[in-house]
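This briefing looks at how two chains of a model meet, and then at some local features within the chains. Please view the sequence and the structure first.

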Protein chains: 2
Amino acid sequence: MFRNFKLVPNVIFGRGCFAQLDEILSHQRGGTDAWTVFVVDDVFRGKPLEQQIPALENDHILWVNVDDEPKTSYVDQLTLDVKALNPALPCAVIGIGGGSAMDLAKSVSLMLTNEGSSTLYQGWDLIKNPAIFHAAVPTLSGTGAEVSRTAVLTGPEKKLGLNSDYTVFDQVVLDPELIQNVPKKQHFYTGMDCYIHCVESLEGTFLNEFSKSYGEKSLELCRQVFLDNHPDSDDKLMMASFFGGMSIAYSQVGACHALSYGLSYVLGTHHGVGCCITFDALDEYYGAGVKEFRTMMDKTGVDIPRGLTQDLSEDQMETMITVALGLDPLWENCLGKDWKTIMTRDKARDLFLKM
Amino acid sequence: MFRNFKLVPNVIFGRGCFAQLDEILSHQRGGTDAWTVFVVDDVFRGKPLEQQIPALENDHILWVNVDDEPKTSYVDQLTLDVKALNPALPCAVIGIGGGSAMDLAKSVSLMLTNEGSSTLYQGWDLIKNPAIFHAAVPTLSGTGAEVSRTAVLTGPEKKLGLNSDYTVFDQVVLDPELIQNVPKKQHFYTGMDCYIHCVESLEGTFLNEFSKSYGEKSLELCRQVFLDNHPDSDDKLMMASFFGGMSIAYSQVGACHALSYGLSYVLGTHHGVGCCITFDALDEYYGAGVKEFRTMMDKTGVDIPRGLTQDLSEDQMETMITVALGLDPLWENCLGKDWKTIMTRDKARDLFLKM
């Protein structure tokens with residue numbers, strides 16, 4: 001059985017195309033009561049981007065804070081906030097920001113039409129009803145959240161996404177001008193999320209030519225951005241992220257993402273930097289990729305935090321291992337069907353102790 | 001203004017995935033009266049593929065002949081045939097074959113819900129109503145018809161497609177096993193359609209990073225197929241075609257496609273071989289591409305017909321030139337906004353005389 005892969009059905013790409021969001025939204029706005037929620041990273045509050053958001057009188061800008069990774073409790077609260085604004089459901093939910101803001105927008109658009117807490121839907125294909133029309137406007141590139149079928153959430157018991165075909169955005173607006181002023185560290189960490197998940201996909205056992213074609217081109221674009229410092233870096237990183245997401249969608253990430261989920265769950269480490277910290281400890285599994293990653297790190301002059309696990313309690317370490325080893329498909333992609341005999345709890349502990 | 005590009009929303013890729021069409025169709029089959037039309041190239045009549053078509057009792061296999069390129073009159077007749085089969089519209093139209101069969105399936109799915117002759121809709125965005133759910137199962141790779149927003153038809157006055165977002169398939173089933181027995185010449189001509197439209201796209205003035213990423217990877221895959229004779233050639237050519245189509249969708253073809261339309265209109269030359277014949281005369285515009293094309297031709301041992309235009313009447317030549325020069329966007333992509341001062345009727349005549 002092969003996956004019948006759900007693609008984002010509409011994509012607009014171009015410098016300045018954010019200005020066309022208004023026209024795109026006009027096709028969703030039916031009657032005069034129709035309204036839209038813009039789920040926007042609060043770093044843009046009071047910044048020039050705020051003025052560019054095409055909000056009409058009935059619309060609402062929902063500022064979201066992503067200092068912490070998105071939590072199920074936060075999604076549940078945001079959903080209640082949106083319901084309290086208007087007795088009618090919005091006609092559209094637009095996520096503007098990086099992976100976390102996009103995942104919050106996906107989650108809210110799903111939870112407006114699916115009853116109960118978002119914790120009920122952490123897993124694969126548990127969502128019952130289609131979401132509200134939802135679109136993404138990335139202001140950071142690398143996560144692939146703009147094309148993925150998941151919205152990654154940390155719940156009381158696990159870090160696990162709302163994985164479903166309904167999660168996929170209905171529209172993506174790819175405007176390279178929006179990522180031109182990203183701070184250097186964040187630019188690197190998020191770009192490396194893309195680089196790393198392409199390596200994981202290409203080295204994985206699930207690979208087919210569909211994922212391979214996307215993954216290889218994404219890696220090549222990452223190299224142009226982080227090794228060659230190409231003048232069209234913003235355009236290229238935006239496409240690398242899109243292709244990287246497409247590659248994963250038909251394949252799977254691997255050991256690095258699995259371990260980084262443990263790190264994030266226990267220490268709250270952000271996804272991008274968490275992937276970098278983890279990847280740097282994985283020479284044994286992704287030798288050539290880790291070497292090239294270190295060259296990119298040198299070139300951009302960004303360093304990663306170290307010594308994160310030295311003060312962990314035994315309980316924390318056990319939790320970290322349990323969360324990481326709970327992601328079966330990722331391990332199977334990396335190590336094959338017999339992964340449990342290779343990635344034992346002791347082996348995972350050794351890897352965490354290097355971080 | 002950038003185009004808000006409509007993608008095929010569901011794609012399944014894998015060796016043997018054609019067997020999953022039945023399950024995919026089950027989601028479209030509503031009541032017990034629901035029925036499906038399979039629009040199938042008649043070269044498969046009595047062949048093993050016929051037995052694999054998941055047709056149920058109410059369904060109908062509409063064998064289509066593509067010895068000639070699809071005509072508007074043929075589409076109109078096929079549409080009437082489908083309407084005569086059942087007073088209710090089908091729930092799905094499935095195209096199985098190469099570019100021509102896929103374009104016929106697209107056209108029928110559109111004409112079942114749009115009144116009058118298909119000649120009324122030759123052009124850009126003239127289609128008024130959404131099509132019947134339509135899916136493609138390519139048995140030939142290269143044209144990009146599986147992802148394009150056009151269904152190319154020859155009408156009484158012009159060769160011009162039904163270009164619209166509604167034309168795009170709702171589902172594509174990419175099974176590399178289905179293209180493994182394509183005759184050598186056809187394999188080459190159709191593959192070169194992909195190679196050539198990537199060159200046209202990458203050398204064109206409309207190019208952006210979206211189209212570039214897809215076009216470059218498609219070219220690379222074509223090289224692996226036609227220069228390196230890669231063992232996974234079927235998988236690679238299928239992805240090359242998909243990527244090539246994606247590249248064009250956000251860009252445009254160029255001089256070769258424009259001239260080849262004139263050739264097809266007057267002489268009925270099939271699209272793939274017509275592109276090869278034309279491209280071989282375009283050193284002046286696509287120097288490196290034409291050189292590599294000739295190497296691929298040598299490697300595969302396929303030759304192209306020559307001397308096609310030597311016996312043309314003056315009227316025929318004039319028509320050929322008029323049809324070719326009528327494709328403004330293709331010429332603008334190739335030569336820029338002032339293309340009319342460069343590609344005069346005399347210049348076009350000189351090029352046709354080389355073929």
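In this model, 37 residues of chain A are in contact with 37 residues of chain B, contact meaning heavy atoms within 4.5 Å. The model is predicted, so that local features need pLDDT of at least 70 and side-chain atom pairs count only at pLDDT 80 or more, whereas totals for chains, interfaces and linings use all residues. Residues are numbered from 1 along each chain as its sequence is written, chains are lettered from A and ligands numbered from 1 in the order in which they are written, and side-chain values use heavy atoms, with hydrogens and water left out.

**Symmetry**

- Chain A can be laid on chain B with an RMSD of 0.0 Å by a turn of 180 degrees and a shift of 0.0 Å along the axis, the copies being superposed by least squares on the C-alpha atoms of residues with pLDDT of at least 70 in both.
- That is the relation of a two-fold axis, and the C-alpha of chain A nearest this axis belongs to A:Pro9, 2.4 Å from it.
- The same surface serves both copies, since 100% of the contact residues of chain A recur in chain B.

**Interface between chain A and chain B**

- The two chains bury about 3,100 Å² between them, 56% of it on carbon and sulfur atoms; buried area is the accessible area (1.4 Å probe) that two parts lose on being put together, summed over both.
- On the side of chain A, the residues that lose the most area to chain B are A:Phe2, A:Asn4 and A:Glu209, together 19% of what that side buries.
- Four salt bridges are counted between chain A and chain B, a salt bridge being a side-chain nitrogen of Lys or Arg within 4 Å of a carboxyl oxygen of Asp or Glu.
- A:Lys236 forms a salt bridge with B:Glu209, and the closest N and O atoms of this pair are 3.2 Å apart.
- Strand S1 (4-6), strand S2 (10-13), helix H6 (209-226) and helix H7 (233-249) of chain A each supply at least two residues of the side that touches chain B; helices (H or I, at least four residues) and strands (E, at least two) are DSSP runs, numbered from the N terminus.
- H6(A) gives the most to that side of chain A, with nine residues.
- S2(A) and strand S1 (residues 4-6) of chain B pair in the antiparallel sense over three bridges, where pairing requires that DSSP finds at least two bridges between two strands.
- A:Val11 stands opposite B:Phe5 in S1(B).

**Salt bridges over the whole structure**

- Over all chains, a search of the whole structure finds 40 salt bridges, including one in which the side chains of A:Arg149 and A:Asp165 meet (3.1 Å, N to O).
- A:Arg149 lies in the loop between strand S7 (134-138) and strand S8 (152-154) of chain A and A:Asp165 in the loop between strand S9 (159-163) and strand S10 (171-174) of chain A, so the pair ties together parts that are 16 residues apart in sequence.

**A sheet in chain A**

- Three strands of chain A form an open sheet in the order S6-S9-S8, with mixed pairing.
- Strand S6 (123-124) and S8 of chain A stand at the edges, each with a single partner strand, so one side of each is left without a neighbour in the sheet.
- S8(A) and S9(A) run antiparallel and are joined by three bridges, and A:Thr154 stands opposite A:Lys159 in S9(A).

**Backbone angles**

- A:Asp125, in the loop between S6 and S7 of chain A, has a positive phi of about 60 degrees although it is not a glycine.
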